Amino acid sequence: MIPASGLNTYALMGSLILVVALTLFVLYKMKRLKQVGSEAQTLRESLDEMDEQAKLIVRTDMELNKTQEELDKKVAGLYALQRFSRAVSTTLEESQIFSRIETGFLEDLGFEKALVFLLKDNLGLRNCLNIGYSDEGLATVQAFFEANKELYLKLIREEKSISTVSGSPVGKDQISRVLKANAFVISPVTPREGAKGLLIVGTENSDTVITEGDEELIIILASQLAQALENARLFEKTWGAQQELERKVEERTRELKNVLEEVRVISKRKTDFISSVSHELRTPLTSIKGYAAILLAGKLGDIPKEVKERLEKINLHSDELAHMVNDLLDISRIESGRVAMKKETLDLGEITEKTVDLLSVQAKEKHIELSYSIDALARSVLADRNQIERVFINLIGNALKFTPQAGKITIQSRSAQNMAQVDITDNGCGIPLEAQEAIFEEFYRVDNAINQEVKGTGLGLALVKHIVEAHGGKIWVQSRAGKGSTFSFTLPLA
């Protein structure tokens with residue numbers, strides 16, 4: 001048996017152990033409660049942070065939605081501007097420009113009302129576009145702006161816009177009441193040509209908020225409208241100038257036609273007159289020359305030496321006059337088309353050689369070197385032999401007359417654009433520039449010392465020009481006074 005004192009000791013020890021265990025349990029619970037409190041605090045902080053993040057996400061989503069809406073609105077506005085630009089740029093009539101501005105353009109830009117006023121000569125306003133306003137409303141708006149003339153004149157002059165965003169000199173509320181619009185934009189229309197004016201757009205929708213971007217779109221629209229108006233006015237101006245030019249051209253054409261007809265009639269009369277007079281002159285010339293020849297031949301008896309000398313002069317001058325009459329007749333015949341060119345294949349080398357041989361005596365008398373060179377590619381031509389020989393004789397004869405002693409004359413031919421070109425060059429006195437066109441006219445002679453000594457009628461070059469042109473060629477001269485001359489003419493190759 002265990003004594004009673006031993007039992008008390010065991011009981012005391014059990015109690016101590018129980019107290020210690022309870023103390024440890026309480027301490028554990030307190031530590032656990034502290035950990036739970038810390039975790040709860042961390043959880044509360046996390047929840048607060050998540051709440052802030054959720055609020056931020058909501059705000060960001062709202063801002064993104066707002067940005068997306070604004071972006072969609074701007075894209076729609078840009079598409080509307082593109083359609084507007086295409087619509088107004090495909091016409092060049094002012095009235096059609098305004099008729100092509102549709103309500104759909106405005107709705108895509110966030111507006112349903114629009115007005116366009118252009119300045120009149122007295123600086124009043126002329127309505128050109130009305131969308132969304134009654135006649136009474138239009139009259140009210142027009143009366144308001146005409147009463148505030150300085151307002152719109154300043155806008156046009158300074159090219160500035162006003163809106164519910166940017167404000168206005170007379171106040172937003174007053175303009176809003178007049179326009180019956182919750183939001184509005186007024187932008188100047190300023191083409192460089194023609195009348196300037198205002199573009200006014202507005203909306204009654206209280207939910208519509210106008211931004212600076214919306215105002216910029218309306219400014220762009222006003223600029224496109226101004227460009228379309230400018231194009232239409234420039235076209236109208238150009239068209240008017242073209243019509244006036246065509247009218248003047250037609251008028252001048254009629255005048256020229258009449259003048260040319262008069263010239264043709266006068267030229268025909270001149271040709272007929274020369275032909276008639278030449279024919280009339282030939283009869284007495286023939287008689288004079290015949291009687292002079294009879295007297296010179298002594299058929300009517302011997303004549304004194306002095307009389308014979310004078311008869312020889314009569315005979316000589318009769319020949320010169322007959323030559324001039326024949327040239328006049330030939331010119332008049334060619335001009336009137338009464339001379340038919342008997343064209344055949346000719347050898348320029350043969351004609352040149354024959355002419356040089358014919359005129360060689362004159363060349364030797366003045367010790368002039370006369371040479372020629374005919375290109376094989378420009379040798380065969382299609383022409384009238386007799387007439388072309390006259391051309392060579394006249395041109396080379398002229399060169400001999402105006403080339404000084406011991407001078408030089410060359411004749412050359414070459415091919416030029418399916419034509420044979422003949423160049424006759426001398427180192428004579430030359431021709432002044434101002435006389436080079438006139439020398440091919442009838443009876444024209446250059447006023448110089450040599451011409452005063454050398455006899456001539458002034459018909460040779462005129463005859464040559466008519467003959468060459470009758471063959472389908474042309475003739476010209478290149479010369480400098482004191483430096484010689486080159487006469488060139490063309491003939492068709494055979």
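## Basis and burial

A residue is called buried when its relative accessible area is under 20%, exposed when it is over 50% and partly exposed in between, with a 1.4 Å probe and protein chains only. By this criterion Phe489 is buried, its relative accessible area being 0%, and Phe392 is likewise buried at 0% relative accessibility.

The model is a predicted one, in which local features need pLDDT of at least 70 and side-chain atom pairs count only at pLDDT 80 or more, while totals for chains, interfaces and linings use all residues. Residues are numbered from 1 along each chain as its sequence is written, and side-chain values use heavy atoms, with hydrogens and water left out.

## Aromatic pairs

Rings of Phe, Tyr and Trp (its six-membered ring) are taken to pair if their centres lie within 6.5 Å, and the planes count as stacked when under 30 degrees apart, as edge-to-face when over 60 and as tilted otherwise. Searching the whole structure gives three aromatic pairs. One of them joins Phe144 and Phe145, whose ring centres are 5.2 Å apart and whose planes stand at 80 degrees, so the pair is edge-to-face; both Phe144 and Phe145 are buried.

Phe392 and Phe489 also form an edge-to-face pair, because their planes are at 85 degrees, with the ring centres 5.7 Å apart. Helices (H or I, at least four residues) and strands (E, at least two) are DSSP runs numbered from the N terminus. Since Phe392 belongs to helix α10 (residues 385–402) and Phe489 to strand β12 (residues 485–492), this pair ties together parts that are 97 residues apart in sequence.

## Charges over rings

A charge sits over a ring if NZ of Lys or CZ of Arg is within 6 Å of the ring centre and within 35 degrees of the ring normal. The charged end of Lys113 is placed over the ring of Tyr133, at 4.8 Å from its centre, and Lys474 lies over the face of Trp476, 5.5 Å from the ring centre.

## Helix α12

Helix α12 (residues 460–470) is largely enclosed by the rest of the structure, because eight of its 11 residues are buried. The buried residues of α12 include Leu461, Leu463, His466 and Ile467. After α12 comes Gly472, which has a positive phi near 85 degrees.
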